[in-house]
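Subject: Structure handover

Hello,

Here is the structure for your files. Please open it alongside this message, as the notes refer to residue numbers.

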Amino acid sequence: MQKRTHDSKEKLFEELVIDVKSVVKVNKGGRQRRYSATVVVGDRKGKVGLGIGKANEVPDAIKKALQDANKNIITIPLIDGRTVAHEAIGTAGAARVIIKPAAAGTGVIAGGSVRAILELAGIRDVVSKSLGARTKLNMARAAINALKSIKTPEQVAALRGKTVEEILG
């Protein structure tokens with residue numbers, strides 16, 4: 001995994017290359033080799049994005065993945081700037097990721113591409129469990145889907161037509 005910083009639109013996003021793999025298409029004339037890159041970008045303040053890119057050369061694939069990741073940035077509501085509001089489950093293909101909030105000082109308990117996404121999102125205390133297939137891309141997509149489903153107590157209260165105190169007890 002490679003780290004870079006990317007400055008666009010006066011926002012500073014850190015980028016991390018999760019995976020670069022060779023993909024082959026078989027033609028009548030022989031094998032055609034290309035490269036697929038998976039990149040995650042984040043500002044460590046609640047914004048994170050995932051992108052994939054394919055090209056004939058590795059640097060071009062990473063550049064395309066970076067552009068895709070910058071287009072797909074999501075905002076995650078952080079509680080006290082360190083953890084998620086509630087447990088969330090995300091799926092992608094056969095991969096499932098469970099993300100749970102944790103007490104202060106716990107750290108990021110996650111592995112592989114899920115850990116990279118959570119760290120770049122700025123989540124400092126969280127527990128994660130990966131189930132099913134261990135494909136890097138599907139695990140990353142499942143983590144993003146789990147983070148997309150997280151709502152703040154204010155959003156839940158508005159959906160239910162109640163006050164925040166009634167929701168929190």
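This is a predicted model: local features need pLDDT of at least 70, side-chain atom pairs count only at pLDDT 80 or more; totals for chains, interfaces and linings use all residues.

Residues are numbered from 1 along each chain as its sequence is written, and side-chain values use heavy atoms, with hydrogens and water left out.

**Salt bridges**

A search of the whole structure finds three salt bridges (a side-chain nitrogen of Lys or Arg within 4 Å of a carboxyl oxygen of Asp or Glu). Helices (H or I, at least four residues) and strands (E, at least two) are DSSP runs, numbered from the N terminus.

Glu14 pairs with Arg44, with 3.0 Å between the closest N and O atoms. This pair links distant parts of the chain, 30 residues apart: Glu14 lies in strand β2 (residues 11–27), and Arg44 in the loop between β3 (30–42) and β4 (47–55). Glu14 counts as buried at 18% relative accessibility, whereas Arg44 is partly exposed at 37%. Here buried means under 20% relative accessible area, exposed over 50%, and partly exposed in between (1.4 Å probe, protein chains only).

Arg82 and Asp125 form a salt bridge at 3.3 Å, N to O. They also connect distant parts of the chain, 43 residues apart: Arg82 is in the loop between β5 (73–75) and β6 (88–92), and Asp125 in the loop between α2 (112–121) and β9 (126–132). Both residues, Arg82 and Asp125, are buried.

The side chains of Glu119 and Arg115 meet at 3.2 Å, N to O, in another salt bridge. These two residues are four apart in helix α2, so about one helical turn separates them. Glu119 is partly exposed at 29% relative accessibility, and Arg115 is partly exposed at 33%.

**Helix α4**

Which residues of α4 are buried? In this helix (residues 153–160), they are Pro153, Val156 and Ala157. Seen down the axis of α4, the buried residues fall within an arc of 100 degrees, so they line one face of the helix; the arc is that of the directions from the helix axis to the C-beta atoms. They pack against α5 (164–168), where contact means heavy atoms within 4.5 Å. Ala158 and Leu159, on the other side of α4, are exposed. Just after α4, Gly161 has a positive phi of about 70 degrees.

Regards
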